[in-house]
Amino acid sequence: MSYDFWIILTGALVASSCALLGCFLILRKMAMIGDAISHAVLPGIVIAFLVSGSRASVPMLIGAAVIGVITTFLIELVSKKAKMQNDAAIGLVFTFLFAVGIILLTVFADKMDLDADCVLHGEILFVPLDLFSTGTFIDFFPRKVLILCCVFWVVILALLFGYKGFVITTFDPFYAVSVGISAAIWHYVLMTLVSIVTVVSFESVGAILVVAFLVVPAATAYLMTDNLKYMLLISVGVGVLSSILGYVIATALDSSIPGAMTVALGGIFLIVFLAAPKYGVFGKRFFMKKKSDEKLKNANV
Amino acid sequence: MKELLEFLSLSNANVRFVVLGVVLLGASTAVVGCFTFLRKKSLVGDAVAHSVLPGICLAFIFTQVKNPLVLLLGAFISGWLSILSIDIINKKSRLKADTAIAIVLSVFFGIGIMLLGYIQSTGNAAQAGVDRFLFGQAAALVGNDVLVLGIVCVILMLSVWLLFKEFKILSFDAEFAQSLGFPVRTIEFILSTLTVLAIAVGIQAVGVVMMAAMLITPAAAARYWTNKLSVMILLAAIFGSLSGLFGSYISYTAPKMPTGPWIIIAITFIAFISMSFAPERGFYAKWYRKKQKVKSTMDENLLKVFFHLGESQNDLNQSRTLTELQERRYFSENLMRASLKRLARKSLVQPNNSEWQLSEKGIVEAKRIAKLHRLWEMYMSTFLKIPPDHVHEGAESLEHFFTPQLEAMLEEELNFPQTDPHDKPIPYNKTAANEL
């Protein structure tokens, strides 16, 4: 398998895992919490690195899950207990955690092969070079691709088994509570998944661009359908398509791959935003016109 | 200590530039941030901060020089475009505001990262330093940068001072402003422009992510201390510049340390102190008030027990043992002892051997509380038509929240009834002597 394929596959896996979770994030009006978590995992990553002494995946994932839950918890604490308005609470908490992460990175710079650049850009270029050395057929796959695959399946399984819970707590939390489904538990499950996906993706696409993969495919799909299942499928499609397109753009311009993937995402979003059949800016006009034409026709008959 | 003095004396020209720049920046972004905070648009500030990156990169690609003014212009334009895009997505589609912000933030930033990658791959010698916009490096501020910073800060402060009334009314009640004939769109435009300007100028000192905190956190912290906008702005400016000072001091003593994150640590610390200890709105003050209320409620309930015992035996002056009180209404012994001690301190009760007795003052107070309870029961059954067997619960909690004015109004409204819905006499203090 070629070098290009692995990179595109990495992008597609990141995009798909993010897109699936992103659908629930935007439906819950929590897009900015996704942004907050993607910044806030930084200290978790650094601390996990310092404790375990390596970039091994298990401590990282634990660190991420813990810090993700802490972030949501802190935001809730500040906005509920100290009565700060929600948007400011989000801004305050994630900038603080990010600052702590950057400072830790600087202090322990000589102890770790992780720097601020990696946080921003990710190292998707090196993904195909980082192989296992177990002597079995596993060596054939890049390490990151395998990990991303696992996480992707975790997300899929979580959504399959928890579909009902996620859906009910998303659309009607009060009803959920009345039939004995804890909105809080599903909230924290979602946050944990988001943090895990963020941490795994961050090494390949960079912390901040994870936000793009979380929000943009989901938002694009949201403009195209009213059916949640279709929305999930479309968002994955958009994610995969943009990682292919992004890779093409990046090689053509010799530029940052995750950056180009985001640009592709933005482009797809723009097209859908303008032309989506029912909810696009121009599509809406067309749709309305067709509808009123039909009405007129029916009236004449 | 010596380092601190050296730092504060500003004898080193470099230090002077950095300190001046960061303090000015901290103050002026905090001032603008107050308005974005009050308009609940704090996260738009975050989006703008991320979105200036492509503008900076494009300005650099076109001019190939690192002129602070040119870069500022590029940052300004793309920052403005991002605000516009958020607005359009918000208005023209069914996506919610937060999604719109997240989309614009990440896509603009992605474009920026792509352009940055392109600049780095061209290997231009002057490119070193364009990426310092990401994390900021206040220590690298030179004379020119500080001059631009200073000019922008003066513009910001002056505009806020001149348009204070307009900004204020826009932040608190935009619809009212519109109805008064204020040009709301224009004021909004100016305010957004100032916000973008503040962010664009601050990026190179503190970096993209930290910029959001410079905007949000000082305002959020200041809000805890006051309800007055002018005081809030002043406080936010002080908080902003203090943390700027702290951040640049850390960078001065440890040159490898990035300035931005330390500024954020300082300002978050200030915010934490504010939300914990500010009088009125602070967490601790609220907790303390609640605790006091629990105590005074307990005291009032105990006085009422004295009254009820006295009423049933027609002798309010009788001393009571703890068990006697507990039999009437159960409180744990510890709670009762603590409460009696407080009441004794206010000389409402007095100890009598191992028993307790209401004082003259205590009788008056106990009657007042019993009266409030019964009056309130009366009110609920007369005006709210609640059946008499349901009124006790409500009265039990509300009797502790009456002010003297409310008390007088209630008496008047009910026209001084003699009995409550359960036909118990209402103990007015004026007639106390005659009745008992």
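Q: How do you know that the length of helix 10 (residues 184-206) of chain B agrees with its number of residues?
A: This is a predicted model, and the check uses its C-alpha atoms. Helix 10 of chain B has 23 residues; at 1.5 Å a residue they should span 33 Å. The end C-alpha atoms are 32 Å apart, so the two values agree.

Q: What makes up the contact of helix 10 of chain B with helix 11 of chain B?
A: Helix 10 of chain B brings B:Ile199, B:Gly202, B:Ile203 and B:Val206. Helix 11 of chain B brings B:Val208, B:Met210, B:Met211 and B:Met214. By class, that is 7 nonpolar, 1 polar and no charged.

Q: Why is helix 8 (residues 183-205) of chain A called roughly perpendicular to helix 9 (residues 207-222) of chain A?
A: The axes of helix 8 and helix 9 of chain A cross at roughly 115° and come within 8 Å. The roughly perpendicular class runs from 65 to 115 degrees, so this pair belongs to it. Helix 8 of chain A passes helix 9 of chain A in a right-handed crossing.

Q: Which residues make the contact of helix 8 with helix 9 of chain A?
A: A:Thr198, A:Ser201, A:Phe202 and A:Val205 come from helix 8 of chain A. A:Ala207, A:Leu209, A:Val210 and A:Phe213 come from helix 9 of chain A. They divide into 6 nonpolar, 2 polar and no charged.

Q: What makes helix 9 of chain A and helix 11 (residues 257-275) of chain A parallel or perpendicular?
A: They pack at an angle of about 20°, with their axes 10 Å apart. Angles under 35 degrees count as roughly parallel, so these helices are roughly parallel to each other. Their crossing is left-handed. Residues in the contact include A:Ala212 and A:Val216 of helix 9 of chain A, and A:Leu265 and A:Phe269 of helix 11 of chain A. The classes are 10 nonpolar, 3 polar and no charged.

Q: How many residues does each chain give to the contact between chain A and chain B?
A: Chain B gives 47 residues and chain A gives 50 residues. On the side of chain B, the largest share is 17 residues, from helix 5 of chain B. That side divides into 31 nonpolar, 9 polar and 7 charged.

Q: Where in chain A is confidence lowest, and where highest?
A: Confidence is lowest in helix 5 (residues 116-121) of chain A, at a mean of 64. It is highest in helix 10 (residues 228-253) of chain A, at 92. The mean pLDDT of chain A is 84, and 90% of its residues reach 70 or more.

Q: What are the confidence values for chain B and for the model?
A: Chain B has a mean pLDDT of 84, and 94% of its residues reach 70 or more. Over residues 431-436 of chain B, pLDDT stays under 50. The model scores ipTM 0.88 and pTM 0.83.

Conventions
Residues numbered from 1 in each chain as written. Chains lettered and ligands numbered in written order. Predicted model: local features only at pLDDT ≥ 70, side-chain atom pairs only at ≥ 80, totals over all residues. Contact = placed C-beta atoms within 7 Å. Helix = DSSP H or I, 4+ residues; strand = E, 2+ residues; numbered from the N terminus. Nonpolar A, V, L, I, M, F, W, Y, C, P; charged D, E, K, R; others polar. Expected span 1.5 Å × (residues − 1). pLDDT = per-residue confidence, 0-100. Axes fitted to C-alpha atoms, helices over the stretch in contact; angles between N-to-C directions. Parallel < 35°, antiparallel > 145°, perpendicular 65-115°, else oblique. Left-handed = near helix turned anticlockwise from the far one by under 90°.
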